[in-house]
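Please look at the structure before going through them.

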Amino acid sequence: MNLYTAPDLEPADVERHDAQPVNSAKVRKPLYEKRKKIFPKRANGRFRQFKWLVMLITLGIYYLTPWIRWDRGPHAPDQAVLIDLAGRRFYFFFIEIWPQEFFFVAGLLVMAGFGLFLVTSAVGRAWCGYTCPQTVWVDLFLVVERFIEGDRNARIKLDAAPWSFDKLWKRVSKHAVWLFIGIATGGAWIFYFADAPTLLVNVLTGNAAPVAYITIAILTATTYVFGGLMREQVCTYMCPWPRIQAAMLDENSLTVTYNDWRGEPRTKHAKKAVAAGAAVGDCVDCNACVVVCPMGIDIRDGQQLECITCALCIDACDGVMDKLGRERGLISYATLSDYEANMALAQDGAGVIDPKRVRDENGRFTEKLRHFNWHVIFRPRTLLYMGVWALVGIGLIVALLSRDRLDLNVLHDRNPQFVLESDGSVRNGYVVKLLNMIPEERVITLSMEGLPGGTMRIAGQAPGDGRSFAVPVTPDKVTTLKVFVTLGKDRLAEAAEGFRFLAEDTASHERDVYNAHFNAPGE
Amino acid sequence: MAEKHVDELSGVETTGHEWDGIRELNNPMPRWWVWTFYLTIIWAIGYAIAYPSIPLLTESTKGLLGYSSRAEVASEMADAKAAQAGLLDRIAASSVDQIIADPELSTFAIAAGASAFKVNCAQCHGTGAAGGPGYPNLNDDDWLWGGSADQIYTTLVHGIRDTQDPDTRVSEMPSFIDMLTPEQMKQTAAYVMSLSETPSDAALVEPGKQLFAENCAACHGEDAKGNRDLGAPNLSDAIWLKGKGEAAIIAQMRAPKHGMMPAWQARLGDTTVKQLAVFVHSLGGGE
């Protein structure tokens, strides 16, 4: 019997879907996309002025700081800011830090962290837009590029043009200047780690340490590649901060905002649209905001990860608004809550924007519009950041003012723990370190308190036993002494009480105490 | 190879390998990966030519650069020696007392001596130089043959009871087993004990004193404070090299034990011996 039945080729009850696989091989794009070049146009305006100023100050600080001199006397370097790795000292103007005081640096980093949180929650990505080294150096590199190749349109033309002597010359000189800036940047870095004038001579004459040249080479490469070639890609793809700071922003943080409620519907042909009776916003779709953007985005798409809030689009748009005789601030710093309130005002029930709703019959903005209020900067979140920031700062200042410049470290000999002398007395050995943390010679009195009947002597110094010695200490160095403490046979019962080493600067009465043990045979 | 075959589902060319109808797709490695791979191969060839690499029957190829890790260690050690040469020369030319008087030399000698001590001396004297029963503690102020830096140096140079060295320090305590009766030994031990501690029986001390003067004082002295020329220990102090107590004293009278230390100059050289002397002198008991 034949059990096989031929299938129904077109069954009516099979549901058919109109669908395309999202990840099908035909539509899949490569993971790597070639960088599309961005040619930012020069912007003019208040924010551009402010950014020039910030650039001048930050670059000035970076390049010039190592050259500031600061007299510390004959026993310490005279460079105001110096990280002396070989000598294990950090000098910052009137402050000198020893390695064990590194917590000051840690504290400054905590302050920098909370400062960044504070600034970000109050005024958004101000760090990214104005002071981040990446932004500042890219700005500097763009100045060079504009000077040699011209502004946006000239650069686009040059980029598309076939190779010629003119193009070659411009490109070579641009990259040469970039590399020179890179070398200057790497070169400035090394001056923080050694006496700048001496090192400069050594670097130029080829006598500096290999590490100096390697450091210059690495920083030249990073400056040139990040500032000249990668630019916005560093911010968008390499930097973790754009992702992290999303958590810092809230509805009261200032961000660069395109105000749809007065800009939309945008049109290039306003007269025609008005004649047709359509709603017309302030945006004339001139793309001035797009061409100045160093990140290559359109701020009118709303808040986006790439935006570093450099505010150059505000300058560009304000210029256009001035020409059109309209109010500035189509693109402005605004908080999300203000923006949403104004949007609610401008929209009808269906969400369609009509700019007439935010203006009165005379064409002026209505009173109902919300503007930025400085009070929102002071809210629990920012106050908390400010509080923690100030607390760490006050803690550091208190620690700085009250820190010891004389330190006493003692290591008790452990092998042997004690030594029996021929008269039956018991001797203990200690390595005593006197840390003279100022660049001046001092005489420190090292004495012992407690352990009645006990005496001490310092190996290799002033022979004889006593309970107090005057020890000259070298400036800004550790003086190491071998100290023997001896306790008579009949006083051994009191050994368990221990004693104290006391180091005191007789002139300044600075002192430090160490609670020491005394080991004796337990019979 | 057969003609090109393209997989229908993925649209990717296959390698032509087929197992039971399953074909291997030919997805090439990324370019940068392939080039890195080729570079490592070129690097490996260059490395094999430049450096010792290919094992042969008895040794490996030497490589064009003539590099050897053993030679590198040797050169590093030679560099370190050269860096110390100035100090070592000055130590060789100075007496131990001159070394101690010079802070730079003494710091260097103490550090070098400490390291030589750990290698050569710690086996008997302990890593902390605290000694043990029969092995003197070098930290204390009780010295058999003298505790000045120069005396310590002489002891180190020639050793103690080292038959290989004609100038070695030598002395011997005789056995008193045939000369004193057990009772007399008890009396002598009680007297010696009484010099530093309370004896077991005060009645034994007086006859013991007489016996000590007759038998022991020749070496250990009338006052039992010993004699460093003979290496005879001080019997009146708190330190007992061969054991504390009357039983230990009697055992030493019956069958004396003698310590032995090799002469070190021939083995370690004069410079190291000087460093050792300075180190031992610095331990706290030096005179």
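1. Chain A has a radius of gyration of 36 Å, whereas a compact globule of 523 residues would have one near 24 Å; the radius is taken over C-alpha atoms, and the globule rule is 2.2 Å times the number of residues to the power 0.38. Along its principal axes, the C-alpha trace of chain A spans about 115 × 85 × 65 Å.

2. A word on conventions: this is a predicted model, in which local features need pLDDT of at least 70 and side-chain atom pairs count only at pLDDT 80 or more, while totals for chains, interfaces and linings use all residues. Residues are numbered from 1 along each chain as its sequence is written, and chains are lettered from A and ligands numbered from 1 in the order in which they are written.

3. The secondary structure of chain A comes to 16 helices and 14 strands, where helices (H or I, at least four residues) and strands (E, at least two) are DSSP runs numbered from the N terminus. Buried residues make up 27% of the 523 residues in chain A; a residue is buried if 20 or more other C-beta atoms lie within 10 Å of its own, exposed if 12 or fewer, and partly exposed in between, with C-beta atoms placed from the backbone.

4. Two peptide bonds in chain A deserve a look. The bond from A:Glu264 to A:Pro265 is cis, with omega near -10 degrees, and A:Pro265 is found in the loop between helix 11 (260-263) and helix 12 (270-275). A:Asn415 and A:Pro416 are also joined by a cis peptide bond, with omega about 0 degrees, and A:Pro416 sits in the loop between strand 6 (406-412) and strand 7 (419-420).

5. A:Arg88, although not a glycine, has a positive phi of about 55 degrees; this residue lies in the loop between strand 1 (81-84) and strand 2 (89-92) of chain A and is exposed, with 11 other C-beta atoms within 10 Å. A:Ala311, again not a glycine, has a positive phi of about 70 degrees; A:Ala311 is placed in the loop between helix 13 (288-292) and helix 14 (312-324) of chain A and is buried, with 23 other C-beta atoms within 10 Å.

6. How do helix 7 (residues 182-194) and helix 10 (residues 246-254) of chain B pack, and at what angle? Their axes are 9 Å apart and the angle is about 125 degrees, which makes helix 7 of chain B oblique to helix 10 of chain B. Axes are lines fitted to C-alpha atoms, for helices over the stretch in contact, and angles run from 0 to 180 degrees between N-to-C directions; under 35 degrees counts as roughly parallel, over 145 as roughly antiparallel, 65 to 115 as roughly perpendicular and the rest as oblique.

7. Helix 2 (residues 69-93) and helix 12 (residues 270-282) of chain B pack at about 80 degrees, with axes 9 Å apart, which makes helix 2 of chain B roughly perpendicular to helix 12 of chain B.

8. The contact between the chains takes 16 residues from chain B and 13 residues from chain A, two residues being in contact if their C-beta atoms, placed from the backbone, lie within 7 Å.
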